[in-house]
Amino acid sequence: FLQACRGDSFDYGRNEPDGPTEAAADPVQTALGGDGDDETDAKLSALPVEADMLVAYATVPGYVSWRNSERGSWFQSLVETVGDYASREDLVSMLVRVNRAVATQFEAKGRRKQMPSPVVQLLKKLYFRPGL
């Protein structure tokens, strides 16, 4: 969870193993001489370089992030939400709760608001299971 600049690099992808190797059952691997012992025999599927990443920005581009001297910043809402829901909800669901809390409960003088902006590139749900 951090505020960071967004870059302009190109995504060339990466190879990622796609499950266990079954060389004996795979006629293509057998024809190619794969014996199932080498990691290179694993089936590969291309995944984007940025896959399985999550960046939770404090606010949307172009706007400030507020900090209350008594209640703290949006991270306080994040900490409270994770503490209350981590045993039963995935991270993205918790971030939606944080978005709602910050959007509805946080306001600076002059009706100045803030909207957190998570960028979710996860391929699966991510759970924090405290106590397990």
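## Salt bridge

The structure holds 1 salt bridge, a term that here requires a side-chain nitrogen of Lys or Arg within 4 Å of a carboxyl oxygen of Asp or Glu. It joins the side chains of R97 and E89, with an N to O distance of 2.8 Å. The two partners are classed by relative accessible area: buried is under 20%, exposed is over 50%, and partly exposed lies in between (1.4 Å probe, protein chains only). R97 is partly exposed because its relative accessible area is 34%, while E89, at 16%, counts as buried.

## Basis of the model

This is a predicted model, in which local features need pLDDT of at least 70 and side-chain atom pairs count only at pLDDT 80 or more, whereas totals for chains, interfaces and linings use all residues. Residues are numbered from 1 along each chain as its sequence is written, and side-chain values use heavy atoms, with hydrogens and water left out.

## Overall organisation

The protein contains 3 helices and 6 strands; these are DSSP runs numbered from the N terminus, with helices (H or I) of at least four residues and strands (E) of at least two. Along the sequence they follow the pattern β-α-β-β-β-β-α-α-β.

Of the 132 residues in the protein, 26% are buried. Among contacts (heavy atoms within 4.5 Å) with a separation of 6 or more, 72% are between residues 24 or more positions apart.

## Helix 2

Helix 2 spans residues 74-85. At 1.5 Å a residue, its 12 residues should span 16 Å, and the end C-alpha atoms are 17 Å apart, which agrees; the expected span is 1.5 Å times one less than the number of residues.

W74, S77, L78 and T81 are buried in this helix. They lie on the same side of helix 2 because they cover an arc of only 100° around the axis, the arc being that of the directions from the helix axis to the C-beta atoms. On the other side, V79 and G83 are exposed. The cover over the buried residues of helix 2 includes strand 3 (54-57), strand 5 (72-73) and helix 3 (91-105).

## Nonpolar core

A nonpolar core is a set of buried Ala, Val, Leu, Ile, Met, Phe, Trp, Tyr and Cys residues joined through side-chain atoms within 4.5 Å. The largest one has 11 residues: A56, A58, W74, L78, A86, L91, M94, L95, V98, V102 and F106. Helix 2 and helix 3 are the elements that give two or more residues to this core. The largest share, 5 residues, comes from helix 3.

## Individual residues

N99 lies in helix 3 and is buried, with a relative accessible area of 16%. Leaving aside residues up to four places away in sequence, N99 touches M115, P116 and P118. E107 is found in the loop between helix 3 and strand 6 (117-120). With the exclusion of residues up to four places away in sequence, E107 touches R112 and K113. The C-alpha atoms of E107 and N68 are separated by 9.0 Å, although these residues are 39 apart along the chain.

D52 occupies the loop between strand 2 (44-47) and strand 3. Although not a glycine, D52 has a positive phi of about 60°. Most residues other than glycine have a negative phi. D52 counts as partly exposed because its relative accessibility is 45%.
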